[in-house]
Structure formats: C-alpha cells, structure tokens
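Hi,

Here is the model I said I'd pass on. Have a look at it first, and my notes come after.

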Protein chains: 2
Amino acid sequence: MITVYGSSVSGNCWKVAQILRLTGRACRWVEVDSNKGETRTAEFLAINPVGKIPAARLDDGSVLIESDAMLAHFAEGTRWLPPPGLPRTRVFEWLFFEQYSHEPSIAVARNIISHLRTADQHRERLEQCRVGGERALGVMEQRLAKHDFLTDAGPTIADLALFAYTHVADEGGFDLARWPGVSAWLRRVADIPGIVKLPLQHEEAPA
Amino acid sequence: MITVYGSSVSGNCWKVAQILRLTGRACRWVEVDSNKGETRTAEFLAINPVGKIPAARLDDGSVLIESDAMLAHFAEGTRWLPPPGLPRTRVFEWLFFEQYSHEPSIAVARNIISHLRTADQHRERLEQCRVGGERALGVMEQRLAKHDFLTDAGPTIADLALFAYTHVADEGGFDLARWPGVSAWLRRVADIPGIVKLPLQHEEAPA
C-alpha cells in the first residue's frame, strides 16, 4: 500500500490524497507538520531531501515528491490527465502556474493567518501575498468567467491543483466573492463525485 | 515558424531556445524585457495573461506559456523526456523543484544584482535568496555528487531546466566552487553537442 507523508490541512498534501481517492488507490497516511519542524528532521530528510511534504512511498520503496509531479504520476492513463500533445501541455501550464504564481501567495497567506497565527509579525509579507494572490485569482477568473474548467479537456489535475488552495483561500484573507467565475468553478469541482475538501479526514488510523 | 517572446538574458527563456535548438526547430525571436515593464503592457498580456516570459506562438496560433511546460511540450517524443512512468515522474519532480525552490532564489538574486543593479536596496530579499539558493544547490549536490545527471534517464529536460539558472548562479552571488558535484555536472551538460550558454545569441534578426 502507498504511504503518504503529509499534513491533513495542507493543500499540497490534499492533492495527493484526492488523486489517490479518485483513481481508486488506498493509502496509509503519516501525519507530518512542517510548522513544527517535522520536515527538517534527519529522519524526514532521508525520505525527502528537499524537506517538504507531501512525499509518498510506493510498494517498491520508491519515494515520490513534489505534489504536482505526484498528481501527474497517479493520473497517468486516467481521464484526469490528457494524452501527450497540446491538451496535456495546457494542464502542465496550469500546474506550473499554480506552483510559481498561486501557491507562494495564497497558501503562504493562509498559513500565516490561520495556522501560524502570526499575521501581526508579517504585515509586509502578507501584503505581498495579497498582491500576488489577487493577480493569480485574476488570471484564473479570465479563464473561468467563460469556461467550466481550466482546460478544454474537462476536469483534469489542473483543476485539482488549483482547487487545493483556492477552496480555502478565504483562510488567507481572500474574499472569493470578488471572482465570480472562480467561485462558480469551485462549486463545479466540489460537485464532482469523490471530491473532498480540507481538512482531510482519513479512513485509516494515522500511523 | 514558432515565434518566441523572451529575453536573451533570462534562464527561463533560454530553456525554450535550447530545447527548440536541440530538437531541430527554428524560431523567430521577439525580445521582451520584463525589467522594463514590457510583460505588463496590454499588448503582451493579450499574448500571455500571466504577464511573464517566455511565451511561444505556434504555427496554428496557439500560445504556449510556462517555461517548464514548454520544455516538456517540445521534448515530447524525443530522448529529452522519458515515456510516462517513474522515469518521467523523476523529470517532473525536478521541474517543479526548479520553479518552486530554485528559480525564486537563484534567478531573483541574479536579476537584482546583475540586471536591476539594486542590491543596496534589497539586502533583506537577497539574504532570503542566499539561504533559499544555497539550500537548493545543496539538494542538487546530494544527487550530483554521485550521479552524472539529475535522473537515471541520462540528460533530460530536468538537466536543461536546472542548467538554465545554475550556470549563471555566480551572477547572483553564489560561489559554485562550494558545490563540486554541481560544478562537474554543469561542465558535463555544457559539453553536450548543441548546448549554448546565456546570454542567447540569435541567428535571426530580432523583430
């Protein structure tokens, strides 16, 4: 059985739990809290030298890292990832957008405000997150004001990758009512059978 | 012919020029300087709503964005990108590492120091870049101290993506002599026939 090392409140970790669930794979979940330094221990760095969650250990002992690479790995051959060519490239454009232009603002603001609860000490950082996050939501709105999903291939891992932190963006101080196309898309994705929301609930007992 | 919008000193843009060259495709190059605000004009935002270079217009009018998605697109079916499965996932792990954990430190430091020339105004930001960049180079060193390339599939777009800013990391204040495995890998990649270095030289006249 696949072992996933992750945090049940992390959008990046949600991606892995979600694609495993959608593709019918069970997993064993090991809770790891990066806010408590648990991703920087020697034990965890032996699992993932980059010192980040999520990480997943496969049955053959291989360890996968990087949440969006894991999404693509587990989605290969399913309807969640189109075959190679322009439709697949469109998915990867959104995956890289998510990691570079969305997550560093929207996930970081949420972590500061709702998990670390240190907003008072990070006013300047939060302002940078606000500017970057609003720009990212604006890019999504441009697409989603006129389309049901992020790419023309129907729901894909691009939608999962962006749903991860967008559906909890309010916890980072973003008022999603300002982006009606994004809000409608969030409801559309949430209605897909099998989609769950944060925080993750695990059927298996945590290790 | 493919039209690439990019900056000849940008590592992200280098990736696109490099994979097109390695896979035998000619391109028309349109120079765009983000430091002069040229990626935030209405004209450029109509090409790429995210407001970033590189972007590439294909013969059918489609526009590709996100440098690492473009690397994968143009490498599909070539020896630079393994077929789907674990070998391909290993490549994507490095691509996402590059965009999340490497570029935001190493490319940003280089831009502040060597292009904007505003190091005096950005001491705190540069210190963050130093810490993040050294951590990223350390992760690469762990792999490259014992292996010729970033994945077991031989030279791939993972090596191109990381070569992009690592081979000019000294321009961001990083002393690569501290990472001998990385330094040896840089020489190994540079020796591959067809590999060029920054700044890009274009055979076609700029538009």
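Below is what I found, starting with how the chains meet.

A word on conventions: this is a predicted model, so local features need pLDDT of at least 70 and side-chain atom pairs count only at pLDDT 80 or more, while totals for chains, interfaces and linings use all residues. Residues are numbered from 1 along each chain as its sequence is written, and chains are lettered from A and ligands numbered from 1 in the order in which they are written.

On the interface, 23 residues of chain B are in contact with 23 residues of chain A (C-beta atoms, placed from the backbone, within 7 Å). Strand E4 (63-65) and helices H3 (67-75), H4 (86-116) and H5 (123-144) of chain B each give at least two residues to that side; helices (H or I, at least four residues) and strands (E, at least two) are DSSP runs, numbered from the N terminus. H4(B) has the largest share, 9 residues.

As for symmetry, a 180° rotation with 0.0 Å of shift along its axis puts chain B on chain A, RMSD 0.0 Å (least squares on C-alpha atoms of residues with pLDDT of at least 70 in both). That is the relation of a two-fold axis. B:Tyr100 is the residue of chain B closest to the rotation axis, at 3.0 Å (C-alpha). The copies meet through the same surface, because 100% of the interface residues of chain B are also interface residues in chain A.

Back to H4(B): B:Arg117, with a positive phi near 55°, follows this helix.

Cheers

Conventions:
Contact = placed C-beta atoms within 7 Å.
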